[in-house]
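Colleague: I have a model open and want to learn how to read it. Can you take me through it feature by feature?

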Amino acid sequence: MSATAGQAQSERSLAERLGFKPSQVVQEIGYDDDCDEELRRSIEAVTGNELVDEDYEDVVDVVVLWWRDEDGDLVDGLVDARTSLADGGHIWLLTPKAGREGHVEPSDIGESAPTAGLSQTSSMSAARDWSGTRLVAPKVRK
């Protein structure tokens with residue numbers, strides 16, 4: 001196997017570990033120079049689509065929200081992130097890991113998510129410098 005093929009395989013597994021699937025439309029909010037480029041490329045490789053930005057005007061399957069402590073009110077950020085989310089979609093809240101500039105305390109996420117109408121389903125290391133928290137809107141009973 002060539003180095004390039006092996007590299008592509010490892011990149012796919014990074015996004016797959018986070019549950020990204022082919023054909024998903026992924027909206028990215030809060031992009032800046034500190035975001036993890038390997039994770040971004042991995043998501044695009046798995047989904048087969050480029051990430052769409054905040055100005056995208058259709059529904060999306062997943063929102064990737066890069067959030068730092070200085071970005072403002074987390075509840076407002078989460079509510080805004082929900083606006084384009086399709087039914088059954090979810091948000092990956094990506095925050096700098098402990099000890100990194102802009103770190104967000106897990107307790108802040110735990111308090112903000114329910115206020116924004118979201119439930120936390122899992123947390124994991126999403127990239128070298130970023131932690132990921134998967135958030136979903138409660139299912140509506142019919």
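Colleague: Start with one residue. Is Tyr56 buried, partly exposed or exposed?

Modeller: First, a caution: this is a predicted model. Now the idea. Under 20% relative accessible area counts as buried, over 50% as exposed, and in between as partly exposed. Tyr56 has a relative accessible area of 29%, so Tyr56 is partly exposed.

Colleague: Where does Tyr56 sit?

Modeller: Tyr56 is in the loop between α2 and β2. Tyr56 and Ser84 are 28 residues apart along the chain, and their C-alpha atoms are separated by 8.2 Å.

Colleague: Step back. How many helices and strands does the chain have?

Modeller: Four helices and five strands. Read the order from the N terminus: α-β-α-β-α-β-α-β-β. As for burial, 42% of the 142 residues in the chain are buried.

Colleague: Now aromatic residues. How many aromatic pairs does a search of the whole structure find?

Modeller: One. To classify a pair, check the angle between the ring planes: over 60 degrees counts as edge-to-face. The rings of Trp66 and Trp130 have centres 4.7 Å apart and planes at 80 degrees, so this pair is edge-to-face.

Colleague: Which parts of the chain does that pair tie together?

Modeller: Trp66 is in strand β2 (residues 60–66) and Trp130 in strand β5 (residues 130–136), so the pair ties together parts 64 residues apart in sequence.

Colleague: Are those two tryptophans, Trp66 and Trp130, buried or exposed?

Modeller: Both Trp66 and Trp130 are buried. For Trp130 the relative accessibility is 2%.

Colleague: On to salt bridges. What is the general idea?

Modeller: Side chains of opposite charge can pair when their charged atoms come close. A search of the whole structure finds six salt bridges here.

Colleague: Which residue meets Arg40 in a salt bridge at 3.0 Å?

Modeller: Glu37, with the distance taken N to O. Arg40 and Glu37 are three residues apart in helix α2, so about one helical turn separates them. Check accessibility next. Arg40 has a relative accessible area of 17%, so Arg40 is buried. Glu37 is at 31%, so Glu37 is partly exposed.

Colleague: Which residues are linked with Arg40 in a network of salt bridges?

Modeller: Glu28 and Glu37 are linked with Arg40 in that network.

Colleague: Show me a bridge between distant parts of the chain.

Modeller: Take Arg100 and Asp129. Their side chains meet in a salt bridge at 2.8 Å, N to O. The pair links distant parts of the chain, 29 residues apart. Arg100 is in the loop between β3 (85–96) and α4 (106–115), while Asp129 is in the loop between β4 (119–127) and β5. Arg100 has a relative accessible area of 41%, so Arg100 is partly exposed.

Colleague: Which other arginine meets Asp129 in a salt bridge?

Modeller: Arg128, at 3.6 Å, N to O. Arg128 has 64% relative accessibility, so Arg128 counts as exposed.

Colleague: Backbone next. What is the phi of Ser23 near?

Modeller: Near 75 degrees. Ser23 is in the loop between α1 (3–17) and β1 (26–29). At 58% relative accessibility, Ser23 counts as exposed.

Terms used: Residues numbered from 1 in each chain as written. Predicted model: local features only at pLDDT ≥ 70, side-chain atom pairs only at ≥ 80, totals over all residues. Heavy atoms only, no water. Phe/Tyr/Trp six-rings, centres within 6.5 Å; stacked < 30°, edge-to-face > 60°. Helix = DSSP H or I, 4+ residues; strand = E, 2+ residues; numbered from the N terminus. Buried < 20%, exposed > 50% of the residue type's maximum accessible area, 1.4 Å probe, protein only. Salt bridge = Lys/Arg side-chain N within 4 Å of Asp/Glu carboxyl O.
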